[in-house]
Each structure stands twice: as C-alpha cells, then as structure tokens.
Amino acid sequence: MLTKRIIPCLDIKNGRTVKGVNFVDLRDAGDPVALAKQYAEQGADELVFLDITATLEARATTLEMVRHVAEQVNIPFTVGGGISTIAHVDALLKNGADKVSINSSAVKRPELVNELADKFGSQCVVVAIDAKKIEGEWLVHLAGGTIPTEIKLFDWAKEVEARGAGEILFTSMNHDGTKNGFANEALAKLSEELNIPIIASGGAGNVQHFVDTFNEGKSDAALAASVFHFGEIPIQELKKELRKHYIEVRL
Amino acid sequence: MKLIIINYGAGNIKSIQFAFKRLGYDAILSNDPEEIKAADKVIFPGVGEASSAMVKLKESGLDQLIPNLKQPVLGICLGMQLMCLHTEEGDTEGLGIFQTKVKRFSNNVKVPQMGWNVIKDLKSNLFKGIKENEYMYLVHSYYAEHCNETIAATDYQINYASALRHENFYGTQFHPEKSGNEGAKILENFLDL
C-alpha cells in the first residue's frame with residue numbers, strides 16, 4: 001500500500017536553514033546539507049527546500065546547495081522559492097532536484113504550469129498554494145502569504161491540476177506557525193475534489209495533528225519544519241505513533 | 001567497471017549518477033552507440049512523457065541499439081516502460097523487450113502514484129538481500145501489467161509488475177536511486193550481475 005509521507009521543510013536563506021513563525025520571525029537551525037542527510041537517516045520520506053531569499057544573486061548559491069544535497073542524500077527532494085522560468089527549473093533539475101515547487105509565479109502566469117509539465121513531466125511540478133480563510137472564504141495569497149488575491153483556493157487548485165500540476169502543497173496561513181494543527185477541513189475538500197496528491201502544510205505542533213491530517217484531512221503527505229528542526233517530534237517516533245493509529249507509513 | 005547511463009535528454013539523470021558515486025562508481029553519461037556497446041553495465045533512465053522520449057530514442061538510433069545490447073541493462077521508471085511492447089501514454093510502441101503492456105491507472109486512485117510503496121514476490125538476484133515488502137520510491141501514472149517476466153509486484157489500485165526481467169534486461173518501476181539505503185543495495189546488486 002502507498003504510504004503517507006512525512007516531509008521536513010527546510011527554509012533556506014543565504015545557504016542556511018531558517019524557520020519563520022508566521023513567516024516573519026526567523027530562527028536559525030543549521031546547515032541544510034547536514035540537516036537533509038540527518039533527516040534521510042531518520043526516516044523522512046522526502047524533503048522540501050524553500051529558498052526564501054530567492055534573489056538573483058542567491059540563485060547560484062542555491063544551485064550549489066541543491067547539487068550538494070543531491071550528491072549526499074538518497075531520498076527525493078523538492079526545491080521552491082522564486083522560481084518563474086523554464087531555464088531556472090532546468091538548472092535545478094540538472095543539479096539533482098527531483099521536483100520544483102512554484103507558487104506566486106503560477107498565479108501571475110498560469111501557463112507556466114502547462115509549460116513545466118510539458119517540458120519536464122507533471123511528476124516534478126508541485127504547485128504550492130498559500131491561502132487564508134477570510135470571512136468564510138479561502139483566498140489565495142502571494143509572496144509568502146503577505147499579499148491577498150481574490151482567487152478562490154478550490155478553483156485555483158482545480159485549475160492547476162488541469163494544467164498539469166503533479167501535486168499540491170497547501171499551506172493554511174491561518175494555521176502556519178500556530179502549532180494548533182493542520183487545516184483539515186480544507187485539505188479534505190481538496191483531496192475530494194482533486195485527483196492528485198495533496199501535501200498538508202502549516203500548523204503541526206504534536207503527533208495527534210499528523211494523525212488528524214491523515215485521517216480527517218485525507219492528506220497524502222504532511223510537511224512541517226520547526227517541530228522537526230528543534231527535535232520536538234522525532235520522525236521515527238512520529239511514524240511509530242502513526243502506525244499505532246493504523247496509518248501506513250514507511251518504517 | 002565501465003558504467004554508462006544512456007543520455008537521451010530524458011529527465012533527472014544526475015541523481016542516478018550521484019547514487020552510483022555514493023557507491024564508489026563513476027557512471028558516464030553517453031548517447032554514443034560505440035561507447036554504450038562497449039560498457040560493462042548500462043542504465044536506461046527516463047522521466048517524462050513516453051511518446052516524446054521514444055522520438056528522442058529514434059532520432060539517435062538508440063531504439064535499434066538498446067534491444068541488441070548483450071551486457072546487463074537496467075531500465076528505470078519510464079526507461080522500464082519503454083522496454084515493454086506498448087504504452088497507453090501517447091499510444092506509444094515500445095522497444096518490445098518485455099512482453100507486456102503499460103496502462104494508465106484509473107481515476108479511482110490519485111494519479112500519479114507518488115511516494116513509498118512496497119515491492120513483493122521478489123524473484124531475481126537484483127533483489128539479493130532485499131526483504132519482501134521493502135519500501136521503494138515510486139512516481140508514475142502508468143503501470144506494467146504482469147507477465148511471466150515479472151520479478152517484483154506492487155499494489156496500487158491493482159497488483160502490477162514493479163520490476164521485470166528478460167535475459168540480460170532488467171527494469172524497475174521504482175527509483176532505486178531515490179529509495180534510501182535499500183535502493184542503493186539494488187543498484188549494487190545490479191553492478192554485481
């Protein structure tokens with residue numbers, strides 16, 4: 001049976017790992033390559049690197065980091081942050097990234113999803129969606145969740161699926177950084193309305209939150225950062241607990 | 001040992017090269033027929049869409065070369081699918097090495113299958129030291145139907161062939177290069193064939 005995936009997310013700035021609490025207050029948690037290797041050994045199923053600097057100058061540093069990760073780590077990883085061109089994706093994949101994640105650039109120019117899926121295959125195109133529930137309506141937000149749009153989450157998710165996205169990484173801005181659990185109602189609706197895998201992001205605080213997002217949220221994978229980086233939830237222990245709840249995981 | 005990864009412009013072949021590097025082997029990327037023929041072991045990778053991959057193989061004459069190779073050849077993911085008779089993806093004729101067809105998962109499961117699933121009913125030296133129900137990483141929307149060349153099976157919607165073997169030709173639907181230490185063991189087994 002296909003297992004549920006546990007995905008540590010490493011936010012990268014100037015070659016170092018950081019984690020934002022509600023995307024603002026940043027803390028340093030180490031060297032990304034060393035962390036990645038450690039996570040692979042601890043049983044992480046995949047890794048996501050989010051380049052939050054993503055300026056042109058930082059791009060070369062990121063490519064170098066991607067290459068080092070690919071050399072040393074034997075599980076799949078996704079790179080996201082500031083990606084808006086085919087050439088950039090090509091460079092990331094050639095340096096060993098397995099997937100790329102696009103977010104604001106897809107909202108600004110939705111054809112990018114089609115172009116990437118056609119050129120590189122849907123399997124490597126993850127569309128990340130940051131959304132916030134405002135007056136009962138889930139609305140897509142841009143630029144790390146700072147800029148609201150009028151685009152509705154479920155419409156946008158269905159559109160990117162139709163355009164060739166292979167997977168959706170959904171972050172609830174209402175939950176991110178709160179450690180109060182994932183946005184399971186919205187996640188379950190995404191899983192019901194779409195036929196591609198959904199990664200839950202934003203709100204992981206304890207083991208029960210992971211149980212809930214797999215059961216109630218119907219998520220295919222769960223992503224978290226600080227609870228892993230600061231050792232609050234060791235991945236092996238998390239997976240053992242998930243198994244006790246009859247959730248299939250790789251152990 | 002001379003190890004070649006066939007480079008026909010398909011997908012992320014760097015991660016295969018890095019995986020062999022971690023095992024201590026320098027794999028060479030090549031599309032040169034003479035160099036491929038002279039190799040001790042050949043990897044036939046593939047990520048992307050089947051019909052365009054087949055076009056690239058035909059342009060370089062690799063569609064004629066690959067089925068006639070005599071040394072151990074390992075097709076990975078789309079590489080394995082292209083070694084079959086036919087795939088529904090782009091209604092594409094394959095190389096016809098494995099006597100089976102490739103079909104699309106139906107939409108009562110999420111497509112692509114993405115993540116870790118188990119391989120079982122293991123039947124080859126390729127899996128020496130690998131236990132039944134070991135987890136491997138898979139990303140695919142199409143699957144090979146069982147045939148008498150099946151050497152591993154996986155369940156997703158149906159029970160299908162997650163690895164195939166015909167004489168010196170091997171194929172895995174999963175990505176051993178991305179499947180942790182157990183995947184690395186399979187690559188090592190391939191080098192020992």
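Student: Which residues of helix α3 (residues 86-94) of chain A are buried?

Tutor: This is a predicted model, where local features need pLDDT of at least 70, side-chain atom pairs count only at pLDDT 80 or more, and totals for chains, interfaces and linings use all residues. Residues count from 1 along each chain as written, chains are lettered from A, and side-chain values use heavy atoms, leaving out hydrogens and water. Buried means under 20% relative accessible area and exposed over 50%, with partly exposed in between (1.4 Å probe, protein chains only). In α3(A), a DSSP run of H or I with at least four residues, the buried ones are His88(A), Val89(A), Leu92(A) and Leu93(A).

Student: OK, over to the interface: how much area do chain B and chain A bury between them?

Tutor: That's the accessible area (1.4 Å probe) lost on putting the two together, summed over both. Carbon and sulfur atoms carry 53% of it. The total is about 2600 Å².

Student: And which residue of chain A forms a salt bridge with Lys178(B)?

Tutor: The rule wants a side-chain nitrogen of Lys or Arg within 4 Å of a carboxyl oxygen of Asp or Glu. Two salt bridges are counted between these chains. For Lys178(B), the closest N and O atoms are 2.9 Å apart, and the partner is Asp98(A).

Terms used. Helix = DSSP H or I, 4+ residues; strand = E, 2+ residues; numbered from the N terminus.
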